Amino acid sequence: MASFAKVLSSERLKMSKTNMWILVIMSPIVSSLVGILSNIPEDHKSWGVLLMYMASVHAMLFLPILPGVFAAFICRYEHVGGGWKQILALPVKRSSLYIAKFTVVAGMLAVSQLLFTAVYLGIGFMRGFTAPIPWELIATSILGGWIATLPLAALQLTASLVWTSFAAPLALNVIFTLPNMLVANSERFAPYYPWVQPMLTMLSASSEDFGAFNLPLSQIMTIVVSSFVVFFVAGLVLIGRKEV
Amino acid sequence: MSEFVIQTRGLVKEYRGRKAVDQLNLEIKHGEIYGFLGPNGAGKTTTIRMLLGLVKPTKGAIRILGKDLQKEKLSILGKVGSLVEYPSYYGHLNATENLEAIRRILDAPKSRIAEVLDIVSLTKEAKRPVKGFSLGMKQRLGIASALLGNPELLILDEPTNGLDPSGIQEIRELIKTMPEQHGITVLVSSHLLSEVELMATKVGIIREGRMVFQDTIERLRRQAETGIRLSVSAPEQALAAAQEKGYDGVIDGAFLNFTKLHNKDVAVLVRHLVENHHDIYRVEEQKKSLEEIFMRIVGEGAAS
């Protein structure tokens with residue numbers, strides 16, 4: 001996989017010179033404001049409740065929208081500057097290119113989640129939480145939330161590859177994110193709706209008993225992993241067939 | 001077989017039943033500068049895209065540098081530098097970073113970036129974001145990217161498109177040095193003969209997806225010198241008289257135009273006309289310009 005590492009470092013270079021980092025830190029900043037300003041009742045002061053407050057905006061809005069933005073941007077420079085012809089005429093396996101782009105998108109989402117974790121812990125200590133750091137909660141909710149964004153990342157990357165447009169996949173992503181709150185109420189549909197999966201995963205750990213939130217995590221994860229496989233394979237097949 | 005750097009056999013590309021490229025046999029030898037000519041939409045870019053593996057041929061075989069493109073695509077692409085249609089670039093990066101993004105994939109030495117920037121005279125502009133570049137500079141950066149991996153074959157699609165005359169001249173001089181100085185075979189496409197005639201050693205002319213001429217530029221020039229033009233008193237009657245002798249010409253105002261006449265034929269024709277009491281004011285050899293030949297080759301069949 002020597003070739004993959006090369007493609008990855010090339011993609012990293014392209015993204016490193018953009019303003020993407022603003023988007024990466026945006027959600028942790030907004031979440032930290034929620035965490036600082038929210039009025040948590042004295043008798044509910046716990047890591048779980050704080051996570052529920054802080055993750056609500058992050059998981060409902062940012063986690064579904066960010067994969068679309070990152071995917072659109074990582075293809076944007078190829079769309080705009082005619083880069084597809086250039087990069088696909090290089091000795092690069094098309095699958096390596098897709099996987100490299102996916103890795104960068106997933107990496108940026110991971111950084112966003114890590115920052116969120118840092119902010120979350122910081123605010124917990126600031127509020128004087130004495131309970132030990134809830135590693136199990138972090139693993140299921142934050143790591144799980146990241147995994148739950150991967151199907152969307154694969155779907156959006158595939159859409160951005162197929163459409164020779166920067167805005168269309170992005171707009172569609174936002175449109176599908178908007179009804180998240182409604183979809184989340186439906187126990188039947190929510191687990192299958194990629195845009196609500198990050199929210200289900202992140203919030204199911206902190207027990208909120210309505211709609212799809214009381215579904216067992218294992219069931220959501222099974223759906224997440226299988227839809228990821230479907231979208232990812234679709235992307236690999238489509239980039240292989242892409243005519244430029 | 002292996003003497004060709006590029007060889008295609010019966011190459012066909014169909015888009016929704018329309019043949020963009022039809023039974024194309026390209027033959028490009030080592031060290032040539034091959035001018036790939038044709039009007040816009042004739043199938044040049046489609047052919048080039050197939051050569052680079054960007055689109056799949058509907059039918060036919062492509063061999064590049066002695067290897068089958070379908071089987072050994074990546075190893076071939078490692079030895080080919082390309083610039084397709086308009087230059088590709090990452091506007092938010094500067095020239096060096098643009099080349100670095102490609103260098104990382106090609107695994108070329110870092111020093112190569114400075115070398116190719118120097119070849120295309122962009123060293124001074126290396127640290128400027130490419131979105132502020134003029135078209136000519138972007139075009140040169142595109143050529144620099146194509147040269148980055150030390151290719152054996154350079155495929156340039158309309159590299160002078162949209163450039164001003166001095167930019168065209170500059171790129172042309174650059175291309176001319178490739179075979180001698182770097183041992184690179186070059187395929188360069190254009191819709192204007194005048195752009196390639198000063199650098200190409202061989203030309204291929206494509207029309208409606210079909211190759212209509214493929215030979216050296218001298219051969220093309222030779223086609224230019226065959227016309228004889230007669231200025232006569234009564235063109236129509238003179239033409240009828242000429243036809244009696246089996247010479248078919250074309251009336252062009254007060255002139256009669258004949259093609260493919262040898263010296264002997266000219267003598268016979270003139271004597272015949274004089275004997276039939278036609279006044280001949282002038283007998284001219286018509287040297288058609290290369291451009292006219294090109295237009296004629298390209299224009300044929302356009303009416304039918």
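Which residues form one aromatic cluster with Trp47(A)? The cluster consists of Trp47(A), Phe116(A), Tyr120(A), Phe125(A) and Phe129(A). The model is predicted, with local features requiring pLDDT of at least 70 and side-chain atom pairs pLDDT 80 or more, while totals for chains, interfaces and linings use all residues. Residues are numbered from 1 along each chain as its sequence is written, chains are lettered from A and ligands numbered from 1 in the order in which they are written, and side-chain values use heavy atoms, without hydrogens and water.

Rings of Phe, Tyr and Trp (its six-membered ring) pair if their centres lie within 6.5 Å; planes under 30 degrees apart are stacked, over 60 edge-to-face and the rest tilted. Over all chains, 12 aromatic pairs were counted. Trp47(A) and Tyr120(A) are edge-to-face, because their ring centres are 5.4 Å apart and their planes stand at 70°. Trp47(A) belongs to helix α3 (residues 47-80) and Tyr120(A) to helix α5, so the pair ties together parts 73 residues apart in sequence. Helices are DSSP runs (H or I, at least four residues), numbered from the N terminus. Phe116(A) and Tyr120(A) are stacked, at 6.5 Å centre to centre and 5° between the planes. Phe116(A) is buried, at 0% relative accessible area, and Tyr120(A) is buried at 1% (buried is under 20%, exposed over 50%, partly exposed in between; 1.4 Å probe, protein chains only).

Glu11(A), in helix α1 (residues 2-16) of chain A, is also buried, at 1% relative accessibility. Beyond neighbours within four places in sequence, Glu11(A) is in contact (heavy atoms within 4.5 Å) with residues including Ile74(A), Glu78(A) and Lys101(A).

Terms used
Helix = DSSP H or I, 4+ residues; strand = E, 2+ residues; numbered from the N terminus.
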